[in-house]
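Colleague: Can you open the file and walk me through it? I'd like the overview before the side chains.

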Amino acid sequence: MKILLSNDDGFQAPGIVALYEALKTLADVEVVAPEHNNSAKSNALTLHSPLYVHQAANGFRYVNGTPADCVHIALTGLLGYRPDLVVSGINNGANMGDDTIYSGTVGAAMEGYLFGIPAIAFSQVDKGWGEIESAAAKAREIVQQLMGNRLVNPAESSDAAPWLLNVNIPNMPLEALKPLKLCRLGRRHAAERVIVQDSPRGEKMYWIGGAGAAKDDAEGTDFHATAQGHVSMTPLKVDLTDHDNLGYWAQTAARMQASVAVEGVR
């Protein structure tokens, strides 16, 4: 089996190093990751400047671009083969609730998913890399279980429907982690206020504020599960269509068209 491994914290981050060491005993793992930290870059692609690929002493390849750039380049020519699984992480901090929209970690995994390849994003709940080896061991266990359930099958990977999973692991010893729990995404309050400072030249500098507190952390959410010591797993999709309200908007569109027609008669 072949795994493409990326992240958003950069190719030297402890999370991707630990995850590589854990996964290389399961499969052939190729690392293509950003040169520098690219947190909160979501699915951004670099279209107006050139990208370069370099190789580090440990064999990791790194790109002067976003997480999605890394996976995109890897899958459209750099690797020369189609991996069976795209894995992203382990991220330095949670990617739960609304975070998934902004997350470069999820963005890297989603790029694989958009190419029709099963993909999974791993994050630790708290920043600082505490218990990173335990998180890597748990990530390996999850990948191995997916393989055992034939959800990652090299012989069928080109034909099988892809899936996208978002996993958050509490910073706890491996033996203390509670079982995997399937969850929906929670929600956060609005972000904290922007921070304004004066630059040395007297210009105003604006720093995006931190993420808001959890707004929906009820039972069944990723926030609730990880707070209880469980590893949360959420299946994601890309379709942003508001299916529940399609009927309402169809009626609204019809009224708008009728209004335009009346105005035209006048």
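**Side-chain walk-through**

Modeller: One contact to start with, keeping in mind that this is a predicted model: a polar atom of the Gln124 side chain lies 2.7 Å from the backbone oxygen of Gly130.

Colleague: Where is Gln124 found?

Modeller: Gln124 belongs to strand E6, which covers residues 119–124.

Colleague: Is Gln124 buried or exposed?

Modeller: Gln124 has a relative accessible area of 0%, so it counts as buried.

Colleague: Which residues does Gln124 touch, sequence neighbours aside?

Modeller: Not counting residues up to four places away in sequence, Gln124 touches Ile90, Asn91, Gly93, Ala94, Trp129, Gly130, Glu131, Ile132, Ala135, Ile169 and Asn171.

Colleague: Back to the overview. How many helices and strands are in the protein?

Modeller: The protein has 7 helices and 13 strands. Its C-alpha trace spans about 75 × 55 × 45 Å along the principal axes.

Colleague: What share of the residues counts as buried?

Modeller: Of the 266 residues, 46% are buried. The accessible surface is about 14,100 Å², with 54% of that belonging to carbon and sulfur atoms.

Colleague: And the contacts with a separation of 6 or more: what part comes from residues 24 or more positions apart?

Modeller: Those residues account for 76% of such contacts.

Colleague: Aromatics next. How many pairs does a search of the whole structure find?

Modeller: The search gives 3 aromatic pairs. One of them is Tyr20 with Phe60: the ring centres are 5.0 Å apart and the planes are at 75 degrees, so the pair is edge-to-face.

Colleague: Which parts does the pair of Tyr20 and Phe60 tie together?

Modeller: Tyr20 is in helix H1 (residues 14–23), and Phe60 is in the loop between strand E3 (53–55) and strand E4 (61–63), so the pair links parts 40 residues apart in sequence. Both Tyr20 and Phe60 are buried.

Modeller: Tyr248 and Trp249 also form an edge-to-face pair, at 5.0 Å centre to centre with 80 degrees between the planes. Tyr248 is partly exposed, at a relative accessible area of 45%.

Colleague: Which residue lies over the face of Tyr81?

Modeller: Lys2 does, at 5.2 Å from the ring centre.

Colleague: What about Arg61, buried or exposed?

Modeller: Arg61 lies in strand E4. Its relative accessible area is 18%, and the cut-off for buried is under 20%, so Arg61 counts as buried.

Colleague: What is Arg61 in contact with?

Modeller: Leaving aside neighbours within four places in sequence, Arg61 contacts Glu30, Val31, Val32, Ala33, Val53, His54, Gln55, Leu78 and Leu79.

Colleague: What is at the start of H4?

Modeller: A side-chain oxygen of Ser103 comes to within 3.1 Å of the backbone nitrogen of Thr105. After the helix comes Gly116, with a positive phi near 85 degrees.

Colleague: Last topic, cysteines. What does the disulfide count come to?

Modeller: The count is 0 disulfides, with sulfur atoms within 2.5 Å as the cut-off.

Colleague: Are Cys70 and Cys183 buried or exposed?

Modeller: Cys70 is at 0% relative accessibility, so it counts as buried. Cys183 is at 7% and counts as buried too.

Definitions and conventions: Residues numbered from 1 in each chain as written. Predicted model: local features only at pLDDT ≥ 70, side-chain atom pairs only at ≥ 80, totals over all residues. Heavy atoms only, no water. Buried < 20%, exposed > 50% of the residue type's maximum accessible area, 1.4 Å probe, protein only. Helix = DSSP H or I, 4+ residues; strand = E, 2+ residues; numbered from the N terminus. Polar contact = N/O pair within 3.5 Å; in protein donor to acceptor, adjacent residues only side chain to side chain. Contact = heavy atoms within 4.5 Å. Phe/Tyr/Trp six-rings, centres within 6.5 Å; stacked < 30°, edge-to-face > 60°. Lys NZ or Arg CZ within 6 Å of the ring centre and 35° of its normal. Areas by Shrake-Rupley, 256 points an atom, 1.4 Å probe, with all protein chains shown as cover.
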